[in-house]
Amino acid sequence: MVLPLQADPIPGAEIAPGPDQTGLISRLWQALEDSYGTAGPFYAVIVLGVLLVLIFLPFLMRKQKDPLARFSFRDERLDDELVRLRENSDDGSLQKLAPYLEPSDQEQLSATRTDLRAAGYKSRSAVRVYFFAKAAMGLTLLLGALVLTLLVPEEPDITFSIILSCVIGLFGYFLPIYWVKRQGAVRQESIQNHFPDAMDMMLVCIEGGQSLDQAMARVGEEMATSSSPLSEELQIVTYEFRAGKDRSSVLRDFAERCNVNDISSFVTVLIQSQQFGTSVAQALRVYAAEMRDKRLMRAEEKANVLPTKLTLGTMMFTVPPLILILVGPSFIMIVRSLAGFG
């Protein structure tokens, strides 16, 4: 039996000792303290927590597949748009976090849903997405600002960093609220400005022999190019009429979604006309004239306020250059005379 030959050890070569696992954490701790001060490990924990949240958040938001989805039990007629509008649609976004995101108070939930509908967000999951956006943006900006304010300076002030980070986090929390309010205001302004034109078109359709349902459907199609929010709302009203919903309830829901005073008055006129049996065309003719007058008065009001708003800009961009041109040469001459006199 032949034994394998063993090579002689190379002079000066030593076997490197294995890494000391017990001292690895202490060395890392010491390195963080040397680089970022005594709060260095705290910064590392914050960064690690943010990374873990970003990594596992997609898994929490992932919607599980329905095991019955592979069976084609659904009738093709259910894909019709009229039937889909009658359903309580929910895309399932953040369904697992619904108990934590949706408010338990039904009054607050209804008020939030009304504000989101006025801004154009009509799905049932809009409330969950809205509260999730507030929490996510607030925490993200809070942690991001805290990390930046503590890592960028060489000697960070912890008190100032915490206060500044809280302020930035509050800004991120209130940003979705401002966005929803702003979108609702823009949508309401668009509906309010184009509603008189829709009234005139509706009056022409009704006097031409069409019913109120047909007139709203036609006006909704024609207003798509000028005002998409108003066109969308009129089309929803038309679909609900065709689905068999009560006329008064449809009109009241229309006024509640738009949240515009002119729409509310228009709905009141239609409901009273229906209850008392008066002519809808005559009521619309009078109301359309009032709407045109109100739009003209709003335009005149904005035109009258415009000179007052331009005063500040005129003073800022006209008066300083004028003073510089008129007084500048005299000031230069006075300075030169004083310098020569000295």
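This report covers the fold, salt bridges, cavity and surface patch of a predicted model.

## Basis and fold

Local features need pLDDT of at least 70, side-chain atom pairs count only at pLDDT 80 or more, and totals for chains, interfaces and linings use all residues. Residues are numbered from 1 along each chain as its sequence is written, and side-chain values use heavy atoms, without hydrogens and water.

The protein chain has 12 helices and zero strands. Both kinds of element are DSSP runs numbered from the N terminus (helices: H or I, at least four residues; strands: E, at least two). Of its 342 residues, 26% count as buried. Buried means under 20% relative accessible area, exposed over 50%, and partly exposed in between (1.4 Å probe, protein chains only).

## Salt bridges

The whole structure holds 14 salt bridges. Each is a side-chain nitrogen of Lys or Arg within 4 Å of a carboxyl oxygen of Asp or Glu.

Glutamate 232 pairs with arginine 187 at 3.8 Å, N to O. This pair links distant parts of the chain, helix 9 and helix 7 (residues 158–207), 45 residues apart. Arginine 187 counts as buried because its relative accessibility is 10%. Glutamate 232, at 32%, is partly exposed.

Arginine 247 and aspartate 213 form another bridge, with their closest N and O atoms 2.9 Å apart. Arginine 247 is in helix 10 and aspartate 213 in helix 8, 34 residues apart.

Glutamate 222 and arginine 218 meet at 3.1 Å, N to O. Both lie in helix 8, four residues apart, about one turn of the helix. Salt bridges that share partners also join Arg187, Glu232, Glu233, Glu240 and Arg257 into one network.

## The cavity

A search finds one cavity of 30 Å³ or more. A cavity is a set of points on a 1 Å grid over the protein atoms alone where a 1.4 Å probe fits but cannot get out; lining residues have an atom within 4 Å of a point. A volume is the space filled by probe spheres set on the points, which are joined across faces, edges and corners.

Thr114, Arg117, Glu256 and Arg257 line the largest cavity. Helix 5 (106–118) and helix 10 (247–258) each supply at least two lining residues.

## The surface patch

Valine 327 counts as partly exposed because its relative accessibility is 46%.

Key
1 Å grid on protein atoms, 1.4 Å probe; cavity = no way out; pocket = protein on both sides within 12 Å on 5 of 7 lines; lining within 4 Å.
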